[in-house]
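Please examine the sequence and the structure shown below. The report then describes selected features in turn.

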Amino acid sequence: MYTSNEKHLGEGRFGTCYLRLFNHYKVCVKTFKISNTDSFINEANMLSKFNHTNLPYLFGINVGDHPSLITSYHGFGDESVTLHEAVLSKPQVTQKLIDNSIIWINILTQITDGLNCFV
């Protein structure tokens, strides 16, 4: 069951993402803002085929008036940070990542592992 507490994580072209608690687990709920459900169904179908630690796990969908996807939450604490945001917001951290090739190779390896699910 959802709690009433939610945190706005971000918004994109197709919808808005919220951090919520479901049975004591942090989940990401992406609510679609379009009435055309093709994008919603395509994303749900795609996510349902993947099982990888670097990709969100699809727990379920809501096909009611406000279609939404419920996926595992990938973030630090209550903060969801993309690699792009991290690079832009923390130049000193970015420089350390660039200077430390082992960390950078680890990040790129994880990205590659996640992308291999699409092949």
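## Basis of the report

This is a predicted model, in which local features need pLDDT of at least 70 and side-chain atom pairs count only at pLDDT 80 or more, while totals for chains, interfaces and linings use all residues. Residues are numbered from 1 along each chain as its sequence is written, and side-chain values use heavy atoms, with hydrogens and water left out.

## The nonpolar core

In soluble globular proteins, nonpolar side chains tend to be buried together. Here, the largest nonpolar core consists of six residues: Phe32, Phe40, Ala44, Leu47, Leu58 and Leu69. A nonpolar core is a set of buried Ala, Val, Leu, Ile, Met, Phe, Trp, Tyr and Cys residues joined through side-chain atoms within 4.5 Å; buried means under 20% relative accessible area, exposed over 50%, and partly exposed in between (1.4 Å probe, protein chains only).

Leucine 47 is in contact (heavy atoms within 4.5 Å) with Pro56, Leu58, Leu69 and Thr71, leaving aside its neighbours within four places in sequence.

## Aromatic pairs

The whole structure holds two aromatic pairs. Rings of Phe, Tyr and Trp (its six-membered ring) pair if their centres lie within 6.5 Å; planes under 30 degrees apart count as stacked, over 60 as edge-to-face and the rest as tilted. Phenylalanine 32 and phenylalanine 40 form an edge-to-face pair, 5.3 Å centre to centre with 75° between the planes. Both phenylalanine 32 and phenylalanine 40 are buried.

Tyrosine 57 and phenylalanine 59 also form an edge-to-face pair, at 5.2 Å centre to centre and 75° between the planes. Tyrosine 57 is partly exposed, with a relative accessible area of 44%.

## Isoleucine 111

Isoleucine 111 lies in helix 4 (residues 101-115); helices (H or I, at least four residues) are DSSP runs, numbered from the N terminus. Isoleucine 111 is partly exposed, its relative accessible area being 37%.

How values were computed:
Helix = DSSP H or I, 4+ residues; strand = E, 2+ residues; numbered from the N terminus.
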